[in-house]
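Subject: Structure handover and notes

Hi,

Here is the structure I promised to pass on. Please open it alongside this email; my notes follow below.

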Amino acid sequence: MSQQLDPLSLEVVDLMANLVALFHKEYEEAASARSLTGAQAKVLALLRRGPMPMRQIAQTMSCEPSNITGIVDRLELRGLVARQADPDDRRVKRVAATEAGRVASAELRESLNFARAPLAALEPDEREQLRDLLQRIVEGAQQPR
């Protein structure tokens, strides 16, 4: 039996959906300005964490590994990523951002004006509270149901 959301929760969900839509629109525009697709930009963003197996990239992005292969192929042609053998299992290919890829990802991230002014309008303690609340929501959403 599904539980219905109260009016306030529905309003919060609508606001979050609007926020996500605004973020995605600006992210796609920032990626396009650098001749990247949104998916290519997201792969570069993931690689800020460090080299990653292609299967893990696919799982994180919720897409088929074959799609990641094409995305990585195009990024590799531009010199933004490099494939490397996993030191623990030479059969596994990891993808690492090159210096040019790290620079492109940092420039893209820095160019995003999304929420910069709105967040600056909040006091530091309000931003901390917002961060903590968002973290709780994300953690709650990741819990098995």
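To start: is Arg 91 buried or exposed? Arg 91 is exposed, with a relative accessible area of 74%. The terms work like this: buried is under 20% relative accessible area, exposed is over 50%, and partly exposed is in between (1.4 Å probe, protein chains only).

Before you read on, some ground rules. This is a predicted model, so local features need pLDDT of at least 70 and side-chain atom pairs count only at pLDDT 80 or more, while totals for chains, interfaces and linings use all residues. Residues are numbered from 1 along each chain as its sequence is written, and side-chain values use heavy atoms, leaving out hydrogens and water.

Three strands form an open sheet in the order 1-3-2, with antiparallel pairing. Strand 1 and strand 2 are the edge strands, and each pairs on one side only. Helices (H or I, at least four residues) and strands (E, at least two) are DSSP runs, numbered from the N terminus. Two strands pair if DSSP finds at least two bridges between them.

Here is the pairing in detail. Strand 1 covers residues 52–53 and strand 3 covers residues 93–97; two bridges join them. In that pairing, Met 52 stands opposite Val 95. Strand 2 (residues 81–85) is joined to strand 3 by five bridges. Val 81 has Ala 97 as its bridge partner in strand 3.

Helix 4 packs on the sheet and touches strand 2 and strand 3. Its direction makes about 115° with that of strand 2. Contact means heavy atoms within 4.5 Å. Axes are lines fitted to C-alpha atoms, for helices over the stretch in contact, and angles run from 0 to 180 degrees between N-to-C directions.

**Salt bridges**

The structure holds seven salt bridges. Each is a side-chain nitrogen of Lys or Arg within 4 Å of a carboxyl oxygen of Asp or Glu.

Look at Arg 83 in particular. Arg 83 forms a salt bridge with Asp 73, the closest N and O atoms being 2.6 Å apart. Arg 83 lies in strand 2 and Asp 73 in helix 4 (residues 65–77), so this pair ties together parts that are 10 residues apart in sequence. Arg 83 also meets Glu 76 in a salt bridge, at 2.4 Å, N to O. Arg 83 is partly exposed at 26% relative accessibility. Asp 73 is partly exposed at 34%, and so is Glu 76 at 32%.

Back to Arg 91. Its side chain meets that of Asp 89 in a salt bridge (3.0 Å, N to O). Asp 89 counts as partly exposed, at 25% relative accessibility.

**Gln 40**

Gln 40 is found in helix 2 (residues 38–46). Gln 40 is buried, with a relative accessible area of 6%. A polar atom of the Gln 40 side chain lies 2.8 Å from the backbone nitrogen of Thr 37. Leaving aside neighbours within four places in sequence, Gln 40 is in contact with Ser 35, Ile 71, Arg 74 and Leu 75.

Best wishes

Methods:
A polar contact is a pair of N or O atoms within 3.5 Å; within protein, one must be able to donate a hydrogen and the other to accept it, and residues adjacent in sequence count only if both atoms are side-chain atoms.
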